[in-house]
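Here is a short briefing to read alongside the model. Please keep the sequence and the 3D view open as you go.

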Amino acid sequence: MKKVSKKEAYAANGVQFDKDKVFVEQVGWIRPVMKNNDRKTGKSVYTFGLLPTNQTFSKDFEKWQKYLAAFHCSQIKGSCNCHCKKCYAMGGNYQFPDVKASQLINQLLAMYDISQLERLIEGQIAADGIKKIRIHDSGDFLSDEYAEMWKRIKQRHPEIAIYTYTKTEHEELFDEFPNANVVRSLVKMPDGSRRINFGTCREMYDIYMALKDSSDIYLCPCDIPGIKAPECGNCMKCSVRRAVLFIKHGDRTYDVRKDPDLPLIYQIMREQGEEFAE
């Protein structure tokens, strides 16, 4: 069978592709909407992001005026329904102008042109031969229509493993699929309260111990010193576990190596059978 070129793969989905860029009707040529250059997730996992937190982004940001104007939008809020002080997507590489611009364009498409966004995603899946997707390395489900778009994509591609995190009511979006999962970012505790799944050693230890006997819970070994953590693409436990915890990272005010409760995390790593560095 003749191999289809990237340009042909995109064209089959009604999208123009040239010189590693795709054409978006409202704003012109941009890089593809999904990325696979994250240090943590690795090359095999493609990520899709929206604007994080519920803060308002407006036309005061001069560099974004052309994008907002193209969608007849005067201001825009992040897609997440929370404004967590620990939000990793508000720091680090996520603050680079090109990253924010990409998040903004993705979100504008998700809000105002879901059909074009779906074609852009389908074209990239075909062009790049994508097998693993993490939805929302930043942001969250911003509408039922948008969530249903991802469900349609999954239905058309049963071979693709998809996982995401949410604080919305879309926790059961992928329940009918064997290799897709929505992980709860707000973990339900035995007393009915909700706790964010990202924090210090003590915070994550307390959640893990409270739920380990009654919940399908996993503490991600990434960013834990002394642990041989695989790339996300070689692990994919997020695509099958209902609750996944993370030690705080991407925050210059917190250094896990200096956390006096780090030995508690090593205890969990041993329970999980993680490999320790020599």
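The chain holds eight helices and 14 strands; helices (H or I, at least four residues) and strands (E, at least two) are DSSP runs, numbered from the N terminus. This is a predicted model, in which local features need pLDDT of at least 70 and side-chain atom pairs count only at pLDDT 80 or more, while totals for chains, interfaces and linings use all residues. Residues are numbered from 1 along each chain as its sequence is written, and side-chain values use heavy atoms, with hydrogens and water left out.

**The chain as a whole**

- Of the 278 residues, 50% count as buried, where buried means under 20% relative accessible area, exposed over 50%, and partly exposed in between (1.4 Å probe, protein chains only).
- Among contacts (heavy atoms within 4.5 Å) with a separation of 6 or more, 67% are between residues 24 or more positions apart.
- The accessible surface comes to about 14000 Å², and carbon and sulfur atoms account for 48% of that; accessible areas come from the Shrake-Rupley method with a 1.4 Å probe, and for residues only the protein chains shown count as cover.

- Three bridges link strand 2 (residues 21-24) to strand 3 in the antiparallel sense, and Phe23 has Trp29 in strand 3 as its bridge partner.

**Strands 8 and 9**

- Strand 8 (residues 161-166) runs parallel to strand 9, joined to it by five bridges; Tyr163 is partnered by Asn181 in strand 9.
- Strand 9 (residues 180-184) is largely enclosed by the rest of the structure, because four of its five residues are buried.

- Two bridges join strand 12 to strand 14 (residues 243-247) in parallel, and Phe198 stands opposite Phe246 in strand 14.

**Helix 5 and the cores**

- Helix 5 (residues 144-156) has 13 residues and spans 19 Å from first C-alpha to last, close to the expected 18 Å; the expected span is 1.5 Å times one less than the number of residues.
- Its buried residues include Tyr146, Met149, Trp150 and Ile153.
- The largest nonpolar core has 47 residues, of which Met34, Ile121, Tyr146 and Trp150 touch the most other members. Such a core is a set of buried Ala, Val, Leu, Ile, Met, Phe, Trp, Tyr and Cys residues joined through side-chain atoms within 4.5 Å.
- Another core, of 23 residues, lies apart from the largest one and includes Leu211, Leu245, Val256 and Leu262.

**Asn106**

- Asn106 lies in helix 3 (residues 97-112) and is buried, with a relative accessible area of 2%.
- Not counting residues up to four places away in sequence, Asn106 touches Val33, Phe48, Gly49, Leu50 and Leu117.

Key
Two strands pair if DSSP finds at least two bridges between them.
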